[in-house]
Amino acid sequence: MNALSLWCLQLKVMFGKELRQLGRDRVLLAFIVYAFTVDIFLAASGVSLQLKLASTYVEDVDHSSASRELASRFLPPYFQLQGELASERAADAALSSGRAMLVLTVPAGFGEDLARGEPTHVQLQVDTSNAVLGFLAASYAEQIVARFGLETVDAGKTPLPVIENRTRVWFNPNQEDSWFMGISELLNVITIFSVLLPAAAAVREKERGTIEQLLVSPLTPLQILLPKVLSMTLVILAGTALALFGVLRPCFGVPMAGSVPAFFALTALYVFTSAGFGLLAATVARNLAQAGMLTILILAPMLFLSGAWTPPEAMPEWLAVFTHFSPLYYFINISFGLLLKGQTVAALWPSVLGMMALGMAAFAAGLLRFRRQFG
Amino acid sequence: MDALVIRADGFGKRYGKRQAVSDVSLAVRKGELFGLIGPDGAGKSSLMKAVAGVLRYDSGTLEVFGTDMARDAAAESVKARIGLMPQGLGQNLYGDLSVEENVDFFAKLRLVPDAQARARKEKLLGVTRLADFRARPMKQLSGGMKQKLGLVCTLIHAPELIVLDEPTTGVDPVSRRDFWQILAELVAEQGLSALVSTAYMDEASRFARMALMHEGRVLAQGQPHEILALRAGSVVSCVPQEQVRARAALAANYAQVEALGPCLRVFVPGLAREAAESAVARLVDAAGSATAYDSGEAELEDVFVALLAGSLAPTDAGEAAAVPAAPGKASPAIEAISLARRFGDFVAVSDVSFTVREGEIFGLLGANGAGKTTAIKMLTGILPPSSGGGRIAGVDIARVKSRIGYMSQAFSLYLDLTVSENIRLYAGLYGLSRAERAARLDWVLEMAGLQTLADTLAAELPMGQRQRLALGCALVHRPRVLFLDEPTSGVDPVGRRAFWDVLFKLSRVDGVALLVTTHYMSEAEHCDHLALMFAGRIVADATPQAMKVALEHDLGALYEISGEKALAFAPVLAAAGLGGVSVHGRSLHVLCRDGARLAALASEHGGVRVRARVLTMEDVFVERVRALEKEAGR
């Protein structure tokens, strides 16, 4: 048997072993399937950053036709009128108990002032415990009130010149949160498993002592680690396919505008290179529990700095620099580019290169540490 | 009749579907050191936890101090009178606390008044010789010291009954002897009752009474002589010229035949010494001749194995016959040449040289940290030596990986793979061709007796079968050299003997060179040649027999003193200047150069019998290491 075919046989045997071991671990398998299906489904359908049916109350002191007209403009899908409140105190209570998100107070004389064409006021109280929703509610309500004001003025006088803003929404025409959230969650899940699975597979050998048995056999450290990473990459790609074709496309209509093969090829590259972080963790950890905690430590900054939750532009300047050290940052650019924007790989080269550079460095570091520890 | 401390009747415990203990009846008397002996999984721990009141049981009755332990409230009331030391080195202690802080913590936990706690602590730390280490964090203690500290913490509230679960497992032989000595003193002095378990058969003699447990049942119980009487017989040993053939001839007639280096040791049930010796001689002479016949009374382990196995089926280890073993003339298979390894300033191994020939079983002995594992790692090519080198079958150790077999501690198998998947994995890793892979799979399955279990997960095998599977995996590529790192821990004695039969055949018939590292001295007896390591160096290199002879020359022969007044004889011996006395159950062991003087003292004292005992490798090891430690300490 020549050297190359021996090398391949050893790799094949190890590869088969890794897949078998994973196949026997029912709990881990169930967790993988859950993460790539149910978890992504929940993230895509449950988490929404849109204002929907905000609970709205009106404290109408004026009782004029104008005040009724204004209140009636707070309509679904954004707002849901729940009823009237009799007093200021009732308004406070509704807000602090959480029954109301918005309370619109129309003061006495509102209708008369409008009819006379004099400036007048309404009061809007918004619960902004959830900053995003509160901000949205306040600005939508402001728009409604402003438009009402303009129209009332229009009715009496000659029209003023108005600039009309016509918005075109690209890449996600219905502005579906489910697309963004679903894909983000998929990328997070891919990241978590690409670090966790190789770390677990490597540290399990250490824990059981089987690593020694492998080291005395004619295997190089690369031959021990490579099959782990390859088999886990395969599993994660299968999970990704399940999530894309089993959840995101049929349930949420995610378009997959760009090349699907290119997406899978780049995902494979991402998983393979991120595994380096997992191998690093495995060389430090002594048992599975330690490896688990270490991977959390590695994953947290990777996820926070990726831009999945906060765009780098919104971060403090010094922190934004570090986003370039999260491989997920590049992978997110690539994935949204391919799945939503329909970009070609050619246009994504800078991101691909950045991801490869980081991943290769991590993989090399993991291999080197492993070699030093056991070589 | 002394008062009963523990009385179990029909005791049973199950975990889910598995019956861990069934129908155990035993009684422990006040002031008694009672032993539970059995391999892993025999049910010892379950019984002990129930006695300590920390485990509920399912059937039968269990009374401790006359209190029914089935009722939680009642069990709670006797807990103050019990001390439990669970299994595992320092398992009940806190690694970051110092020796003294650990003891103080347990005293506070048990609400011992300060003045009493202080007095007891000083006394116990003194007895266990831990007083000098009181400020040292527990995790930096050696295994033996951890166990002694565990004992101190168990005794700090002055319990009347202590329950020690395998206190000597994983502890080196010197510390083990030390531990037993201290325990025997404390039991005698304070009128303690103790229930102690062990997986080492050779520790059985330490107990006044014992129960032998196997698979959840008690096979036998009583005093040592009562148990010996269950399978009366003699042990004959000889050095045959053609060991393989002689072994086959004996194995056809006797269930228990062991190869110990060049010797054969046979247990002949039912016959007295002379009759047994001539019966063995008849069989051996038919298969060549033999020299150096010796015989003695059966040991507890022989009886245990006979009881465990019912009747052990004769093994076919010598079947393939022919090839006479001649380790002395064969070519060298393993050569270590001035091997050395440093980790920073620490010298783990220095200037280690030895040679193992084809067909030889070579034992590398030493306490934990003596450098055995580092030496074996260098020879297997895992760890590059700092200086020196070695050759395996004439090839430099840097390039030997495909030529050697290695079986590591704890049988590192993939538990989530089946038996045949494990074998195929290693066959593939060593690059065996397809046809060869199939052939070797069959061979390993047959050798390990696992034909019907090929598709069973390794995790479901009992330890003995796991061990043989691990051996099979190490042998799958037909290595000429096999390294075994503490290969029989946790395996029951029957499995252990079957395992050594396989090793015997490998060395004698197939001519494989075996290097075994161990701190189980009973394993050392099987080796043709031994090297004793201490602090990274080889301090003795000889055959087991030669080592024993040398010790006898230096310190004298080993005598056992038994009889009603045996324990009272100890101070007499000390007064006469005969040191090195150790307590074994109700008898004493003493090393003495002047047998006549000992006999005279004994007849003067009266009520004791003196009988010569065969030195074991453990005696050799402990005495040598103690001497070296004394030297190093100076």
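**Exercise 1. Work out how far apart the ends of residues 318–340 of chain A are, and how helical the span is.**

Step 1: look at another span, residues 186–204 of chain A. Here we get 100% helix and 0% strand, with 26 Å between the end C-alpha atoms.

Step 2: bring in the record. An unreviewed UniProt entry lists 186–204 and 318–340 of chain A among its "transmembrane region" spans; positions follow the numbering used here, feature names are shortened, and annotations may be inferred rather than shown by experiment.

A word on the model: it's predicted, so local features need pLDDT of at least 70 and side-chain atom pairs pLDDT 80 or more, while totals for chains, interfaces and linings use all residues. Residues count from 1 along each chain as its sequence is written, chains are lettered from A and ligands numbered from 1 in the order written, and side-chain values use heavy atoms, without hydrogens or water.

**Exercise 2. Describe the interface between chain B and chain A.**

Step 1: count contacts (heavy atoms within 4.5 Å). On chain B, 29 residues touch 25 residues of chain A.

Step 2: get the buried area, meaning the accessible area (1.4 Å probe) that two parts lose on being put together, summed over both. That comes to about 2400 Å², with carbon and sulfur atoms giving 58%. Ile382(B), Tyr414(B) and Leu429(B) supply 26% of what chain B buries against chain A, more than any other three residues.

Step 3: find the salt bridges (a side-chain nitrogen of Lys or Arg within 4 Å of a carboxyl oxygen of Asp or Glu). There are two between the chains. One of them pairs Glu421(B) with Arg20(A) at 3.0 Å, N to O.

Step 4: locate the elements. Strand 20 (404–407) and helix 12 (419–429) of chain B each give at least two residues to the side touching chain A. Helix 12 of chain B has the largest share, six residues.

**Exercise 3. Is helix 10 of chain B largely enclosed or open?**

Step 1: apply the cut-offs: buried is under 20% relative accessible area, exposed over 50%, partly exposed in between (1.4 Å probe, protein chains only).

Step 2: count. Eight of the 10 residues in 300–309 are buried, so helix 10 of chain B is largely enclosed by the rest of the structure. Phe304(B) and Leu308(B) are among them.

Terms used:
Helix = DSSP H or I, 4+ residues; strand = E, 2+ residues; numbered from the N terminus.
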